[in-house]
Amino acid sequence: IDLLYNRTGAEPYQFALCHSMGSVLVELMGSSNWHGLPLAFTGHGGTGKSTACKIACGFYGFPKLMERQTGDNGSTLPAAIKLTAMMGSIPVLLDEFSGRSPEELTRTGYALANGRDKQRLASNGKFSTVGAEFFKNSFITSNDSIVETISKLPAGYRVEATQLRYFEVPMPQGFRHTVFHDVESGFAERHMDTVYGEACVPYLRFVMKNADWVKRQLQAARAKYNPKSDDENKERFYRDAIVTALVAGKIAKKLGLVTFDIKAMGEWAQGQVLNMRENRKESNIDISEQLAKFIATLPGRLIVTKHFGDGRAVKEHAQEILRGAAVGRVALEDKKVFLTAGCINEWCKENGVKPADMKEELDRAGYIKYKPKPMYIGQGTNVPSGLSRCFEINFHKLFSGKALSIVEDDNGIHTEASGTA
């Protein structure tokens, strides 16, 4: 233990060991919202991700029994989740978790963090479940960044909420050679394959004998990390994962099982939470970026005329050739713009954005002048249209800024995207 963990830079694997020891403390936290969290080591191969997780699981026994390969030739995801549920508080490693589908990522994150799989119906019409709730910490290894992969999912998968159900630690290339340059691979493999299960006996006896003291330690540590901002409140799962790891490390140090600096490990973990926060912000597409993408789709779909609703007997011809079904109306001299609510909803559905968020951003950015009202966007033109609920859009905001521009050339007048919204 000293050779592998008592060194500068080994904090990720120190945390993995304490995360494993903290698995049996999860239920003692006494929180209906805290069922444990998967610790995900991601990044380049050859950094020792799987070895560190197997050694951590080996605290309780033969690590091979707690590991499931989840690659193409490994266990199916439902089988892996069911095994996780059956093993109580014993941690489980889902190895080689790369290339998962949207459904698998969300299902796994919620199952491991919420302590139960989704309730489903079997072909016979009866409920197919994994049984009772479980409380445990778990492990995942993947070459792909889970946060980045989830950021590409449609918003219907609740992107950030799913990201927050994985404590991801990206491992830099060459980590093993940099930090463990003096450790032979044979030593680590021998430690993984033949040294396991002994340390948990005095540890579990101590927890059982001093359960009240352990609960007080958990409550005190949790109070210390009480959230002070919206970001910290969203990251409550991370906070509780750190709390269980710190208390587990404190017990192990009290029993002489480990000698590394638990406080330094906790500081590293808090720094990792900040890194994950920044990674989420960089990976997730901001709603303002989505707004710019939406506006960029409008050219060629707007009925462009000089006037709107002035009672003229002669219908105006649209000054721009439509490239698809009309979704809005622009009156150049009247300085009016209308967009159908349906076109916003349709675009949001296709691009995985909540329509309420998009409309709120349109309003916040100063694009919406009035609430939607029923109207015919083709009124007074040669373009047929049905009755639609339409938002009136601020003409000057849309065309005088960096969103759209009116261009006149040999082909007539047309609109085009002029930059970001």
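Predicted model: local features only at pLDDT ≥ 70, side-chain atom pairs only at ≥ 80, totals over all residues.
Residues are numbered from 1 along each chain as its sequence is written, and side-chain values use heavy atoms, with hydrogens and water left out.

Let's take the sheet. It's open, with five strands in the order 2-3-6-1-7 and parallel pairing. Strands here are DSSP E runs of at least two residues, helices are H or I runs of at least four, both numbered from the N terminus, and pairing takes at least two DSSP bridges. At the edges sit strand 2 (67–69) and strand 7 (167–171), each pairing on one side only. Strand 7 pairs with strand 1 (residues 38–43) over five bridges, in the parallel sense, and there A40 stands opposite E168.

Now, what does helix 2 lie across? Helix 2 (residues 11–21) lies across strands 1, 6 and 7, at about 155° to strand 1. Those angles run from 0 to 180 degrees between N-to-C directions, using lines fitted to C-alpha atoms, for helices over the stretch in contact.

Last stop: helix 11 (residues 211–224) and helix 13 (residues 236–254), whose axes come within 9 Å and cross at roughly 135°. That makes helix 11 oblique to helix 13; angles under 35 degrees count as roughly parallel, over 145 as roughly antiparallel, 65 to 115 as roughly perpendicular, and the rest as oblique. Contact means heavy atoms within 4.5 Å, and the residues making it include W213 and L218 of helix 11 and V243 and I251 of helix 13.
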